[in-house]
Amino acid sequence: MHFDCQERYPVASQHPLAHNIDYTLVPHEIIAQRIRELGETISRDYAGQEVVLVGVLKGAMPFLADLMRHISVPTVIDFVALSSYAGTSSTGVVRFQKDVEEPLEGRHVIVVEDIVDTGLTLHYLLQTLSLRNPKSLEICCLVDKPARRKVQVSPKYLGFTIPDRFIVGFGMDYEEHYRNLDFIGVLAPAAIAP
Ligand code: IMP
């Protein structure tokens, strides 16, 4: 169960770069409500057990921070940082810049990511983490952009499905900016360097 986002809301932000946002795709209140629901679902699914949330830096940071506060089972957090080799987005060659510090063997692991696009990043990460023999391994993703999928990745926990647009805000960036917007917006084409 997830929300299909097609609506356009006006941009009501005081953010100095807000003029670069064409329109709001997911307003803050809707994000907050959806994250609460995801946290409650995870709490029910893992009742009586501990979960390890593995956030993918940097984009998952605000999502993970909000999500963990709606999870009522014992929760441990850790982070990975990944980078694609230049020009390899079509091959899925991804490299760890930072690995987790927690041992994952025998534990319930949920990878927390901002957005799944081609799926290459999460596909690589899941393959790598599964080699550490977690008891279970799932994905919790705020946004899914299925139109551009190259490899099959199916988040068990998903916030929103969106059309093929470049979005920013709530952790997602364009050239490291806009991560601090509290809503998800579509970047104006004019704000994207040719
Ligand atoms: P994938 O490997 O193609 O699934 O890409 C995943 C990563 O690409 C995400 O973690 C984001 O960092 C980035 N990304 C993909 N689409 C967008 C977008 O619309 N806005 C911002 N970042 C994006």
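Predicted model: local features only at pLDDT ≥ 70, side-chain atom pairs only at ≥ 80, totals over all residues.
**Entry 1: salt bridges overall**

I began with the charged side chains. Side chains of opposite charge can pair when their charged atoms come close. Here the count comes to 12 salt bridges. I then picked a few pairs to look up one by one.

**Entry 2: Arg34 and Glu37**

I found these two side chains joined in a salt bridge, with N to O at 2.6 Å. Where do Arg34 and Glu37 sit in helix H1? They are 3 residues apart in that helix, which spans residues 28-45, so about one helical turn separates them. Arg34 has a relative accessible area of 5%, which is under the 20% cut-off, so I noted Arg34 as buried. Glu37, at 24%, counts as partly exposed.

**Entry 3: Asp66 and Arg69**

Next I looked at Asp66, whose side chain meets that of Arg69 in a salt bridge at 2.8 Å, N to O. Asp66 is partly exposed at 23% relative accessible area. Arg69 has 61%, and because exposed means over 50%, I put Arg69 down as exposed.

**Entry 4: Asp117 and Arg148**

Which parts does this pair tie together? I first noted the salt bridge itself, with the closest N and O atoms of Asp117 and Arg148 2.8 Å apart. Asp117 lies in the loop between strand S6 (108-116) and helix H3 (120-130), while Arg148 lies in the loop between strand S7 (136-144) and strand S8 (157-161), so the bridge links parts that are 31 residues apart in sequence. Arg148 is partly exposed, with a relative accessible area of 37%.

I then followed a network: salt bridges with shared partners join Lys58, Asp173, Glu176 and Arg179.

For background, most residues other than glycine have a negative phi, and most peptide bonds are trans.

I found Lys58 in the loop between strand S3 (51-57) and helix H2 (61-68). The peptide bond leading from Leu57 to Lys58 is cis, with omega near -5°.

Glu176 is in the loop between S9 and S10. Its phi is positive, about 75°, although Glu176 is not a glycine. I noted Glu176 as partly exposed, at 44% relative accessibility.

**Entry 5: Phe170**

My last stop was Phe170, in the loop between strand S9 (167-168) and strand S10 (184-187). Phe170 is not a glycine, yet has a positive phi of about 50°. Is Phe170 buried or exposed? At 5% relative accessibility, I have Phe170 down as buried.

Key. Residues numbered from 1 in each chain as written. Heavy atoms only, no water. Salt bridge = Lys/Arg side-chain N within 4 Å of Asp/Glu carboxyl O. Helix = DSSP H or I, 4+ residues; strand = E, 2+ residues; numbered from the N terminus. Buried < 20%, exposed > 50% of the residue type's maximum accessible area, 1.4 Å probe, protein only.
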